[in-house]
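User: I would like to go through the labels attached to this structure and ask what each of them rests on. Please set every value against its definition before you conclude.

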Amino acid sequence: MLEVLHSLLFSTLDAAPALVFAALGAVLSERAGVVDVGVEGMMRAGAFCAAVAALAMPTPLAVVVGMGAGAGMAAIHGWLCIRWRSDQVVSGMALNLVALAGGTFLLESLFGPNGTPPITQLSRWDIPGLASVPVLGALSGHAAPTYLALLVPFVFQGLLTRTPLGLRLRAVGDKPHAVATLGLSVPALRWGAVVGGGLLAGLGGAVLSTAVLDRFEQHTPAGLGFMALAAMVFGRWTPVGAFLAALFFAFGNALRIGLASSAPHLMDLVPQGVLLALPYLMTLVLLGLQGQRSSAPAALGVPFEQESR
Amino acid sequence: MGERARQALPSVLSVLLALVLCWIAIAMTRDVDTATRAYLQMFWGGVGNWPAFLDGGPVSALTRPLGEAAMKAALLTLTGLSVAVAFKVGLFNIGAQGQMILGALAAAVVGAQLNVPAVLHIPAALAAAALAGGTWSGIAAALRIRRGVHEVISTIMLNWVAVSLVDNWLVIGPLKAVAQGQQSSITGTAEILSSAQLPRLLGDLSRLNLGFPLALAAAVGVDLWLKRLRVGFETRAVGLGPEAARTAGVPVAWRTGQAMVLAGAMAGLAGAVLVLGTEGRYPGTLGAPYGFDGIAIALIGNNNPLGLTVAALVFGVLRAGGTRMQLLGVHKSFPELIQGLALLFVAGRLIWLAVLRRRTRPSVAPAAPVVEVPRA
């Protein structure tokens, strides 16, 4: 029993970081009032660029390149939405479509039908002494992003709730005109949040192709970006909430995969598809029960115009 | 320049810019010659191989590609209409994909199980698909009206619920086709009966079927509904300003729900056209994200039913021709890249307007209308 729990926890912690970082990126962007449905595309760009960069440089550096790619996509989003007040959902969906088709195109034309060659994965860290402890030992033996993913949400939460910068970020998503009245730049704050969100989403994508897999897989991230949005909503737009929701979804996923391989007859009772649908169904039910207005940033999706009221 | 032309100009320029950039993309990753030949393949693959025909080739050299283009255009028109109808009432329907999946499944089930003459069978399958799609979008509408849940989030969630439940459960489980004889490895649901197949309009010359005129009729119908009927006018009023509409006595919640269900029905019909027209069954997966394409088509077409039909025809041609590009080692999803980039450029509509205004300053009226997009 303990061993089962151990392996479940281990695979959860292995798979969760991508989801956690993407969800945090979405939280950052949306708390500043910019809708982030393009997170899937940013992840894909990050995953692709990290996998390609890792062919030429050490993998940790490649992860940074992946983050940069995510930030680049986010910068397009920011330029359209902040500078030109475009519709944020349209711009985000456009990024998704471009990343989806563009990734496939580049993969095929640069590497042929076989995809990118395998790369060196991020090295895994063994925590001395911990590996032999039952259950808790699952914490040992992961790549660096896992430990980062356990730390960043709390730092982010502290930043958001306890610092002047955090207050400004929240204010710019709730009442941008109040921020402008204080003489602060709404566009600058939103730019920071959008690009920061892109960095996090790119990191999430890069983790997929450098730690979870060892290549860019053609369908990466296969809807993980949208699941990150679900985690964000489920976590009520707070970093720690989104983190816990992402962990929960990742755990559910690990449980599903574990059950499918170890107890196939159970799968006849509860089909895979139903389990796959659960995170989204739960998000829908939660939204239906509590309504959305209570937790979403007030000015979410509204382009800022100085002259409007 | 007429008002209508000025409205369409940003879209036209966006598509052209996307075409040019994508040509450069092939030219840079491969070479100029390949890029040009790939584009020619795409073009002839969509509008018919005229050189071959004029050299004495068979008529099917023209009709086959044109038929493929028309069928792609029919799907794009219907999903585009789905997105556009929701836009008109002020909602952003990201969920056309999920609604289309449900519609396709309903059409496949009714098409395979019901045993009635074609005169009844086809309408029944189409109605079932529209109903299924409308129900799926109705969930998002109800959440929006009753609980204030933003439709962007709820339709994204509903998409994934649909994919999970249909593709990963029903189609591989309870509804999986029973293998008969030698066909042991078929994927998807049972094949529809011949009475449910949409009749082909040109016989063996192409796969063009009733789905294409159906999509065109739907576009005209939605256009008339929006422009000529009181309900349509009220729907647009809600989209432009719900408070003003409420004050004027428009039942805002009712119109919102109606429009969203109609949007789902359109996407459901797209699923039916795919299943009853070309696939013959619900395949393992829908194959392409037609529902997301609908967003691009609707916005490139300026959310106008007729404008988006033109956009769907253009991209239908490109998409049909895209499969031919594979001969030159360019992935068949390449036209989707063109489409995505075009959407990105259309999203920057204000940039186009600013650029165009600078050029034609004296003649442009102040404050060109911005594309009607609900602010999320």
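User: Why is B:Arg37 called partly exposed?

Analyst: B:Arg37 has a relative accessible area of 43%, and the label buried is kept for values under 20%, exposed for values over 50%, and partly exposed for those in between (1.4 Å probe, protein chains only); B:Arg37 is therefore partly exposed. This is a predicted model, in which local features need pLDDT of at least 70 and side-chain atom pairs count only at pLDDT 80 or more, while totals for chains, interfaces and linings use all residues. Residues are numbered from 1 along each chain as its sequence is written, chains are lettered from A and ligands numbered from 1 in the order in which they are written, and side-chain values use heavy atoms, with hydrogens and water left out.

User: What makes the pair B:Arg37 and B:Asp33 a salt bridge?

Analyst: The closest N and O atoms of B:Arg37 and B:Asp33 are 3.6 Å apart, and the rule asks for a side-chain nitrogen of Lys or Arg within 4 Å of a carboxyl oxygen of Asp or Glu, so the pair qualifies. Both residues lie in helix H2 (residues 32-47) of chain B, four residues apart, about one turn of the helix; helices here are DSSP runs of H or I with at least four residues, numbered from the N terminus. B:Asp33, at 46% relative accessibility, also counts as partly exposed.

User: How do you know that the buried residues of H9(B) line one face of the helix?

Analyst: The buried residues of helix H9 (residues 230-240) of chain B are B:Gly232, B:Glu234, B:Thr235 and B:Val238. Seen down the helix axis, they fall within an arc of 160 degrees, so they line one face, the arc being that of the directions from the helix axis to the C-beta atoms. On the other side of H9(B), B:Arg230, B:Phe233 and B:Leu240 are exposed. The buried residues pack against helices H4 (60-88), H8 (211-228), H10 (242-247) and H11 (252-279) of chain B, where contact means heavy atoms within 4.5 Å.

User: Why can the salt bridge of B:Arg319 and B:Asp293 be said to tie together separate parts of the sequence?

Analyst: The side chains of B:Arg319 and B:Asp293 meet at 2.8 Å, N to O. B:Arg319 lies in helix H13 of chain B and B:Asp293 in helix H12 (residues 290-300), so the pair ties together parts that are 26 residues apart in sequence. Both residues are buried.

User: Why is B:Val330 called buried, and which residues is B:Val330 in contact with?

Analyst: B:Val330 counts as buried because its relative accessibility is 2%, and this residue lies in the loop between helix H13 (305-325) and helix H14 (334-347) of chain B. Leaving aside its neighbours within four places in sequence, B:Val330 is in contact with A:Phe105, B:Ile26, B:Arg30, B:Ala38 and B:Met325. B:Val330 and B:Ala38 are 292 residues apart in sequence and 7.6 Å apart in space, C-alpha to C-alpha.

Note on methods: Helices (H or I, at least four residues) and strands (E, at least two) are DSSP runs, numbered from the N terminus.
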